[in-house]
Amino acid sequence: MVELLQKRLRSPSELESRRQSIVQKRDPNRLCITVCAGTGCRASGAEAVIEAFKDEIERREIQLDVELKETGCPGFCERGPLVVIRPKRIFYQRVKPEDIPEIISETVLNGTIIDRLLYVDPATNEKIVYEPDVPFYKKQTQNILGANSAIDPTQIDDYIAIGGYSALSKVLFHMSSEEVVAEIKRSGLRGRGGGGFPTGRKWESCLHAEGDVKYVICNADEGDPGSFQDRAILEGNPHSVVEGMIIGAYAIGSHQGYIYVRNEYPMAVRHARIAIEEAMDYGLLGKDILGSGFDFTVSISRGGGAFVCGESSALMASLEGKIGEPKAKYVHMSEKGLWDKPSLLNNVKTWANVPLIINKGAEWYSQIGTAGSKGTMIFALVGKINNTGLVEVPMGITLREMIYDIGGGIPGGKKFKAVQTGGPSGGCIPEQYLDTPVDFDELTKLGSMMGSGGMIVMDEDTCMVDVAKYFVNFLEGESCGKCVPCREGLHRMGEILSDITRGQAGMEDLDLLEDLAGTLRDGSLCALGTTAANPVLTTLRYFRDEYVAHIEQKRCPAGVCRELIQYSIDPEKCEGCLRCLRACPTEAVSGEKRKPHTIDQSKCIKCGACFDVCKFGAVIKR
Amino acid sequence: MAKVWINAQTQVEVADYPGMRAVHLTIDGKNVRALPGQTILEVVNSHPGIGNVPALCYHPAVKPYGACRLCTVEIEEGTRSRFVAACLYPIREGLVVKTDTERVRKLRQGILELLLARCPNVKMLQDLAKEYGVEQPRYALGDQACILCGLCVRACQEIIGRSAISLVNRGIYREIAAPFYAYELSEGCIGCGDCVYVCPTGAIYLGPDGKPVLPKVKIPYPEVEAMMREATAAASRR
Amino acid sequence: MELVLDVPQIQALIESYTEKVDSLIESYVDRKELLISLLQDIQAEFNYLPRDALVKVAQKMDIPLSQVFSVATFFRAFTLKPRGRHLVTTCLGTACHVRGAQRILDKLERDHNLEPGGTTEDSRFTLETVNCLGCCAMGPVVVVDGKYESQVNPDKLDRILRTYK
């Protein structure tokens, strides 16, 4: 009980002295092994690496000399598991549990570098030793993500040590609500969830909305397939979001907040819960925060598995225990939102930007980015790209720089074809626009949008009709079904695109697709419907020749659409190993040992198993 | 004094009296005066002959839903126009509404084509679609009768207070159902027939036992089919 | 696997089940807005939403059963049929799709007659799809009983699934 009382911080000066005592207790020269423990790296085996470290450290009894820290995601997912040895920040990538004994004996205890675990820059063939020199990170501006690799997200002390909650302290004791709103407005911050609405204006209308009860909501229902930035932030630095929300609550006069996390992010839910508990213990959340007299609590709500619940009115319906049906927003959510009360809803990334703006000031923040889009944006760079992962860059960087300088270009020497931004609401951008700066308005001009920051790179082996079909099918499954244009229209679009990919469509179907797109755009109830046609419209605009090839020649130029491709065996390359014969589920492959095999097209179901197992590249897909 | 149209043929002069809270708006170029707190559709409905706004999921007895989107109209905001649902959009002073522009007609055409393709045998839809030049939808024809306007559900919930039926599943698999697809509706339903009364297409009708028969599911869906099998099996056991 | 129970055992099972449902509902009584959270707890406990549990929820939380049923069928997290012994989750995120995730679904349909959302006849596997697990570098990704498998192709999938009885 005594300990608990001592934990609670009752004033800004107590926060500062706590911060100083934490920092002083930490020896900056003490060896610290940080391992990324985000979900992405876990999928690559980070758990085993962490266990191996724990075992080895215990075995050698060096717990007092070496600290092991499980951190959040720094973004270089392609090269996980990632191990960084501080304070020098020696960077090891693709680490396996077998490497640990050597890492301990060589690098930790002896200070020698293990060459084979270093990152090799493919452009120069140079081995990079230190984390800040890795080109992937060097070209980024990790104002927000940077903290992820330095802190253990389940330890509030780590967050405080790097300056956490100082923005909150400043706001509560040195700024009025109006001043906070003005600062956010001056910074030029725009919503990072997809809409790009000026955040300051949203906060202002909430502040001026009538009523004593107001709500603050964090939208962590990241549903865009291919996006996982919100997850990385909520898993890796949940306190930054909590701090942002408290500041927002103070700005508009709210005392209750919700973090709505999608069901499929259990680790984010867990870490957010821990962060809230710790903040409550420290008096940074709950009643009389830091002795300021301001009360605010946050609850976590899990989504039920519906992409549409990322839409603000559907999210609020779900928070009320109802189905996630959006409703018309002729009266804004900032006036009548959750339970018909003024509600301030922002995305995870938007909240994470708030403490930064308060600490460093709106002037500093507005220097970064372009005239219309300030600050940095975190993108999920995925698909046919060498450096898959999260990328934080100032707005205004070109697509070319993102894909080639940071992303490392297309693997396998393949040719770039398109980059899809904005998820299912966005569009595909072809090569001729690669020098477009990444900016809310520039991307909208091209028919796409910034969205939540998903950036999917496609190469010559991607069929753009298949991509359009993929997004339409996705949205069809996620449509709530309330309004006719979206429910019926997406279904029909899916039917037409399916026909096209099977070579069963006519040219009039392209007109029909455009008509449907118009109906969806003008008639849908919510943004899911109104933007649903974007992938189709942009692929039609920039890749019409592919559609025409599917329809008129019954051919898929990229070799993807199953009904339009053919598998055959090149007799020159075939070694007659019988592997494909055995793999074929319909016995379509015939041949004898050491003689070239053949595929009976009438039996072939185009599953691609033969293509997968052939070690000699003898199976041709056309 | 203000000149307002009270129906398509009659224009009158009305005096503004002190304390009056009327709202003045323009519908298809005609000045109209209405009480505040109404939606565009309510104003159109109370001024016979003014404005052309079809609406399938609307009924004055229940709260507007905005699902069919046929009531979409264009409103002018400065130099730009915007599409809004007339059944939900609240009127305000100086609002300029256009209910019958080319873009609006094209949208309604698109929606009706989709609806007709879903329910090609519903006479009311055939007539309405014909009005907008839609006779042969360019899609594969379905065989449903329910347009998912939700009026039956809302009537049962708001007027009767029983909530015996609800909208289940989502997307194209959405349908009206009783809990666990028990078509007998033994729980909650009092056999009042309100749902049948408000149904615009006749998809719900009264069965021989006085209880409503809900529209059957036509789109195959593994779980739905299994539930239907279970419900029928349970019914036949009794 | 045959399960032979006698009447007292069956009764005990039913009692413990009702007790469990009651205790889950306890913490949410008078808080109708937490319906989805309650259903998630029940789904986690029983691996599906039993009909009787939903009827109880409607009674005790004073929510119309039709509304509970609406919510139970709207969200993908809930199933009204029991799931199989092993949950196979295939990522259909764009990155995985572009790397051939569809072929994994095709294979599961061919070999096990399994469609997304469905369960095999012998209750061995349930197949769910998810849109992006965030491990795009290792795609296509398949999660079996919480274990992440990376760079899965139909061949590898076969080998993985064989180990799950």
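Asn219(A) finds its bridge partner in S10(A), namely Asn347(A). That pair belongs to the contact between strand S7 (residues 215-220) of chain A and S10(A), which run parallel and are joined by 5 bridges. Strands here are DSSP runs of E with at least two residues, helices are runs of H or I with at least four, and both are numbered from the N terminus; two strands pair if DSSP finds at least two bridges between them. The model is a predicted one, so local features need pLDDT of at least 70 and side-chain atom pairs count only at pLDDT 80 or more, while totals for chains, interfaces and linings use all residues. As for bookkeeping, residues are numbered from 1 along each chain as its sequence is written, chains are lettered from A and ligands numbered from 1 in the order in which they are written, and side-chain values use heavy atoms, with hydrogens and water left out.

Zooming out, the strands line up as S9-S8-S7-S10 in an open sheet of 4 strands in chain A, with parallel pairing. The edges go to strand S9 (297-302) and strand S10 (343-347) of chain A; each has a single partner strand, so one side of each is left without a neighbour in the sheet. On average, neighbouring strands of this sheet are turned by 20 degrees against each other, direction ignored. Axes are lines fitted to C-alpha atoms, for helices over the stretch in contact, and angles run from 0 to 180 degrees between N-to-C directions.

Helices cover this sheet. Helix H12 (residues 238-252) of chain A packs on the sheet and touches S7, strand S8 (256-261), S9 and S10 of chain A, its direction making about 150 degrees with that of S7(A); contact means heavy atoms within 4.5 Å. Helix H13 (residues 266-281) of chain A lies across S8 and S9 of chain A, and runs at about 165 degrees to S9(A). Then there is helix H14 (residues 312-319) of chain A: 8 of its 8 residues are buried, so this helix is largely enclosed by the rest of the structure. Buried means under 20% relative accessible area, exposed means over 50%, and partly exposed is in between (1.4 Å probe, protein chains only). The buried residues of H14(A) pack against S7, S8, S9 and S10 of chain A, together with H2 of chain C. After H14(A) comes Gly321(A), with a positive phi near 85 degrees.

Elsewhere in chain A, two cis peptide bonds deserve a look. One joins Gly80(A) and Pro81(A), with omega about -5 degrees, and Pro81(A) sits in the loop between strand S2 (66-71) and strand S3 (83-86) of chain A. The other runs from Arg86(A) to Pro87(A), with omega near 10 degrees; Pro87(A) is in the loop between S3 and strand S4 (90-92) of chain A. Further along, Ala558(A) lies in the loop between helix H24 (544-552) and strand S16 (567-569) of chain A, yet counts as buried at 12% relative accessibility. Ala558(A) and Asp459(A) are 99 residues apart in sequence but 9.2 Å apart in space, C-alpha to C-alpha. Leaving aside neighbours within four places in sequence, the contacts of Ala558(A) are Lys417(A), Glu460(A), Asp461(A), Thr462(A) and Cys463(A).

Over in chain C, strand S1 (residues 86-91) has 5 of its 6 residues buried, so this strand is largely enclosed by the rest of the structure. S1(C) pairs with strand S2 (residues 125-130) of chain C in the parallel sense over 6 bridges, and Leu87(C) has Thr126(C) as its bridge partner in S2(C). With strand S3 (residues 142-144) of chain C, S1(C) runs antiparallel and is joined by 3 bridges; the bridge partner of Val88(C) in S3(C) is Val144(C).

Helix packing shows up in chain C too. The axes of helix H6 (residues 101-112) of chain C and helix H7 (residues 154-162) of chain C come within 9 Å and cross at roughly 50 degrees. Arg103(C), Ile104(C), Lys107(C), Leu108(C), Asp111(C) and His112(C) on the H6(C) side meet Pro154(C), Leu157(C), Asp158(C) and Leu161(C) in H7(C).

Finally, two non-glycine residues of chain C have positive phi. Asn47(C), at about 70 degrees, lies in the loop between helix H2 (35-46) and helix H3 (51-61) of chain C and is partly exposed, with a relative accessible area of 33%. Gln151(C), at about 45 degrees, is in the loop between strand S4 (147-149) and H7 of chain C, and is also partly exposed at 47% relative accessibility.
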